[in-house]
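Please look over the sequence and the model together before reading on.

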Amino acid sequence: MKGLLYKDFKSILKLISPVYLMSLIPIIVYIGKDMFLFMFSIIIGILFGMQVSITISVDEKTKLVNYYRILPLSYHVIAMEKYIFTLIISLLTGIIIFLVTFSYSGQLSLLYPFIGFYVALIYNMIVIPASFYFGVEQGRYILIGFTILPIIITKFNNVLLKLYSILQTNLIALAVILHLIIFVISYVISVKSIEKYRI
């Protein structure tokens, strides 16, 4: 497990590029200060979340997936490593957004760090099994749906607020149950997809 995590962090550090920061320019120019932190959180969440699929892509290019069958690790461990890596990346996303939020507004707000953390986390709940099942290249089509996520949220903002007011009494319990279901489905698909490499 530690070796796989080390491999993934090493891959990310080799491939990370300042070019990613160019995606923030449209936010500042076209959206303005009012929506900056909100959109910044979502985009940083997606950019950081993408790093996990990049590690899977590196595994494919280096043919590591072909050696899953002879690794002294169960496919459960191989799959779980990606989810642990996702959690670490998501926490790092939240920390960075927290520092940017404080520098930008002078407020100790946890809202925007949580948005970035959540986007990175839920993004990979979908992308990890898709990448293992279809391969990273085809799995990347999932990204198209996430690129329109900010637009969907802003368009249905009033509806979401009404739902929140209706469900707020049981919101935490419903959210926990929903996300546990999403994780279990995501994890099972990932394990079954990795298993095919070990047959």
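**Confidence and overall build**

Among the elements of the protein, helix α2 (residues 25-31) has the lowest mean pLDDT, 56, while α4 has the highest, 88; pLDDT is the predictor's confidence in each residue, on a scale from 0 to 100. For the protein as a whole the mean pLDDT is 76, and 67% of the residues reach 70 or more. This is a predicted model, in which local features need pLDDT of at least 70 and side-chain atom pairs count only at pLDDT 80 or more, whereas totals for chains, interfaces and linings use all residues. Residues are numbered from 1 along each chain as its sequence is written, and side-chain values use heavy atoms, with hydrogens and water left out.

The protein has 10 helices and 0 strands, where helices (H or I, at least four residues) and strands (E, at least two) are DSSP runs numbered from the N terminus. Read from the N terminus on, its elements therefore follow the order α-α-α-α-α-α-α-α-α-α. Of the 199 residues in the protein, 38% are buried, buried meaning under 20% relative accessible area, exposed over 50% and partly exposed in between, with a 1.4 Å probe and protein chains only. Among contacts between residues at least 6 apart in sequence, 80% join residues at least 24 apart, a contact being heavy atoms within 4.5 Å.

**How the helices pack**

Two packed helices are described by the angle between their axes and the distance between the axes. Axes here are lines fitted to C-alpha atoms, for helices over the stretch in contact, and angles run from 0 to 180 degrees between N-to-C directions. Angles under 35 degrees count as roughly parallel, over 145 as roughly antiparallel, 65 to 115 as roughly perpendicular and the rest as oblique.

Helix α4 (residues 75-105) and helix α5 (residues 111-134) pack at an angle of about 155°, with their axes 8 Å apart, and α4 and α5 are therefore roughly antiparallel to each other. The crossing of α4 and α5 is right-handed; a crossing is called right-handed if the near helix is turned clockwise from the far one by less than a right angle, and left-handed if anticlockwise. On the α4 side the residues that meet α5 include Tyr 83, Thr 86, Leu 87 and Gly 94, and among their counterparts in α5 are Ala 120, Leu 121, Asn 124 and Ile 128. By class, the contact of α4 with α5 has 14 nonpolar, 7 polar and 1 charged residues, with Ala, Val, Leu, Ile, Met, Phe, Trp, Tyr, Cys and Pro counted as nonpolar, Asp, Glu, Lys and Arg as charged, and the others, Gly among them, as polar.

Helices α3 and α4 also pack at an angle of about 155°, with their axes 10 Å apart, so α3 and α4 are roughly antiparallel to each other. Their crossing, that of α3 and α4, is right-handed, and the contact of α3 with α4 has 14 nonpolar, 9 polar and 2 charged residues.

Helix α1 (residues 2-15) and helix α3 (residues 36-61) pack at an angle of about 100°, with their axes 9 Å apart, which makes α1 roughly perpendicular to α3. In this contact Lys 7, Asp 8, Ser 11, Ile 12 and Leu 15 of α1 meet Gln 51, Ile 54, Thr 55, Val 58 and Asp 59 of α3, and these residues divide into 4 nonpolar, 3 polar and 3 charged.

**Some single residues**

Phe 85 is placed in helix α4, where it is buried, with a relative accessible area of 0%. Leaving aside neighbours within four places in sequence, Phe 85 is in contact with Leu 5, Asp 8, Phe 9, Ile 12, Gln 51, Val 52 and Thr 55. The C-alpha atoms of Phe 85 and Asp 8 are separated by 8.0 Å, although the two residues lie 77 residues apart along the chain.

Thr 86, also found in helix α4, counts as buried at 0% relative accessibility. Not counting residues up to four places away in sequence, Thr 86 touches Val 52, Ala 120, Leu 121, Asn 124 and Ile 128.

Ser 186 belongs to helix α10 (residues 171-195) and is buried, with a relative accessible area of 3%. Beyond its neighbours within four places in sequence, Ser 186 is in contact with Tyr 83, Asn 124, Met 125 and Pro 129.
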